[in-house]
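Please examine the model shown below together with its sequence. The paragraphs that follow lead from individual backbone positions to the surroundings of the ligand.

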Amino acid sequence: MYTVGREEVEAVREVLEGGKVFRYGIGAQCSRFEERYAEFLGTRFCLQTASGTNALTAALIGAQIGPGDEVIVPACTYMATPIAVLAAGAIPVIVDINESIGIDPQAFEAAVGPRTRAVIPVHMWGLPCDMDELMKIAGRHNILVIEDACQGVGGYYVGSGGKAMLGSIGTVGAFSFNYYKNMTCGEGGAVVTNDERIAERAMCVIDPCRFYWDGRENTFAGFVSNGARASEIEGAILNVQLDRIPGMIERMQAEQRTILARTVGPQSGTPLRRAPFNGAEGGCATHTMYQFDDAAAADAFAESVGGTVLIKTGRHVYTEWDPVLDHRGGPHPALNPYEMEANRECRMDYDREMCRRSLDILSRTVSVQSHPEHTQADTDALVDRILAAAKQPAVS
Ligand SMILES: Cc1ncc(COP(=O)(O)O)c(C=O)c1O
């Protein structure tokens with residue numbers, strides 16, 4: 001969600017005019033952002049990256065996932081999630097989501113096999129996954145939880161342990177700050193963790209040459225990787241965006257409360273249902289999800305409201321992940337995890353019908369978008385459109 005004001009322009013101007021566009025030894029914006037974002041989330045470490053895909057890859061390699069390992073991913077996510085697993089040399093195992101649009105805890109547990117090392121819950125559209133259940137199952141099977149919070153920036157989950165920021169609950173979390181995300185610097189990302197060893201390894205993925213800038217006393221003997229360093233311009237924008245995010249989330253949550261109170265439940269006089277929500281409250285409230293009995297009702301509602309049927313986003317369903325489904329997992333046969341001897345025992349037979357339940361749920365769910373700059377009149381107009389759409393014969 002691109003929301004930028006004079007403050008971002010001023011912050012960038014200062015960096016450019018000061019000539020401090022490199023993070024080590026010259027600038028202070030990335031380090032400042034990392035410290036502040038870690039504090040905002042309640043984690044020990046935060047490492048800025050060039051993208052969310054880089055952040056996920058660094059999280060996985062940081063957690064020592066590699067060839068010979070399976071990582072469970074949901075059928076509904078951007079392809080970057082399974083791509084990051086492959087970039088680490090491991091194999092993604094794709095499982096169903098449930099009606100909450102998050103990974104189904106039962107499907108996750110049923111998919112655990114001898115090679116399963118990690119699971120990636122993805123907080124799609126800022127909707128928290130069922131973290132209480134997922135953490136319990138993961139604990140039972142000694143599996144790492146790596147949160148893909150790329151779409152969950154600024155959102156939180158309220159579970160049995162109280163309120164926790166999305167991305168801070170598992171062993172490692174990854175964020176994206178690309179153009180479409182709640183906080184944006186055009187392109188960017190971050191990895192967060194409380195585990196020092198994981199942070200050291202992730203840092204090595206993000207910048208394997210860092211020791212040149214940082215001093216060689218570092219006791220950690222690193223390894224070679226591609227690198228995904230962030231720039232001070234991005235850091236400067238993110239420092240302003242971080243001041244902006246709590247207010248944005250609060251405004252969208254307030255708008256969502258109004259929308260729900262007036263469109264769902266007996267007092268609304270509509271048959272509309274909200275998709276089940278994990279946790280007592282929270283999330284990012286960027287999208288309100290309405291669920292229907294069949295795809296025809298969802299289509300009619302979406303068209304009338306100006307919403308999106310989730311199966312039609314064109315990029316968030318496993319059936320769209322051609323390179324993954326076709327086992328094009330790397331740029332060279334020897335670098336393709338699907339061809340590696342170490343992965344011979346991993347499960348990698350995919351087909352487009354394997355998660356039919358997810359396809360059914362996504363074809364029956366419609367997202368309606370909120371915006372922090374919506375006025376009361378905008379919200380009223382949106383509610384009116386939803387109420388009108390609910391009266392259509394195809395919907396009710
Ligand atoms: C769920 C999810 N994971 C990962 C990513 C990858 O982030 P980036 O585009 O910054 O690489 C995205 C970005 O759209 C995403 O939505």
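Where is the place of asparagine 343? Asparagine 343 lies in the loop between helix H11 (322-325) and helix H12 (356-363); helices (H or I, at least four residues) and strands (E, at least two) are DSSP runs, numbered from the N terminus. This is a predicted model, in which local features need pLDDT of at least 70 and side-chain atom pairs count only at pLDDT 80 or more, while totals for chains, interfaces and linings use all residues. Residues are numbered from 1 along each chain as its sequence is written, and side-chain values use heavy atoms, with hydrogens and water left out.

Asparagine 343 has a relative accessible area of 0% and is therefore buried; buried means under 20% relative accessible area, exposed over 50%, and partly exposed in between (1.4 Å probe, protein chains only). From C-alpha to C-alpha, asparagine 343 is 4.5 Å from glycine 68 in space, although the two are 275 residues apart in sequence. Glutamine 256 belongs to helix H9 (residues 232-263) and is also buried, because its relative accessible area is 7%. Its C-alpha atom is 9.6 Å from that of histidine 371, 115 residues apart in sequence.

Two residues other than glycine have positive phi values. Glutamine 64, with phi near 65°, is in the loop between H3 and strand E2 (70-74). Its relative accessible area is 46%, so glutamine 64 counts as partly exposed. Isoleucine 101, with phi of about 80°, is in the loop between strand E3 (91-95) and helix H5 (105-111). Because its relative accessibility is 2%, isoleucine 101 is buried.

Attention now turns to the ligand. Around the ligand are 17 residues, of which Gly52, Thr53, Asp148, Ser176 and Lys181 come nearest; a residue is near a molecule if one of its heavy atoms lies within 4 Å of it. By class, this shell has six nonpolar, nine polar and two charged residues; Ala, Val, Leu, Ile, Met, Phe, Trp, Tyr, Cys and Pro count as nonpolar, Asp, Glu, Lys and Arg as charged, and the others, Gly among them, as polar. Helix H3 (52-62) and helix H4 (80-87) each supply at least two shell residues, and H3 gives the most, with three.

An oxygen atom of the ligand lies 2.8 Å from a backbone N or O atom of glycine 52. A nitrogen atom of the ligand is 2.8 Å from a polar side-chain atom of aspartate 148. In serine 176, a side-chain N or O atom is 2.7 Å from an oxygen atom of the ligand.

Technical notes
Polar contact = N/O pair within 3.5 Å; in protein donor to acceptor, adjacent residues only side chain to side chain.
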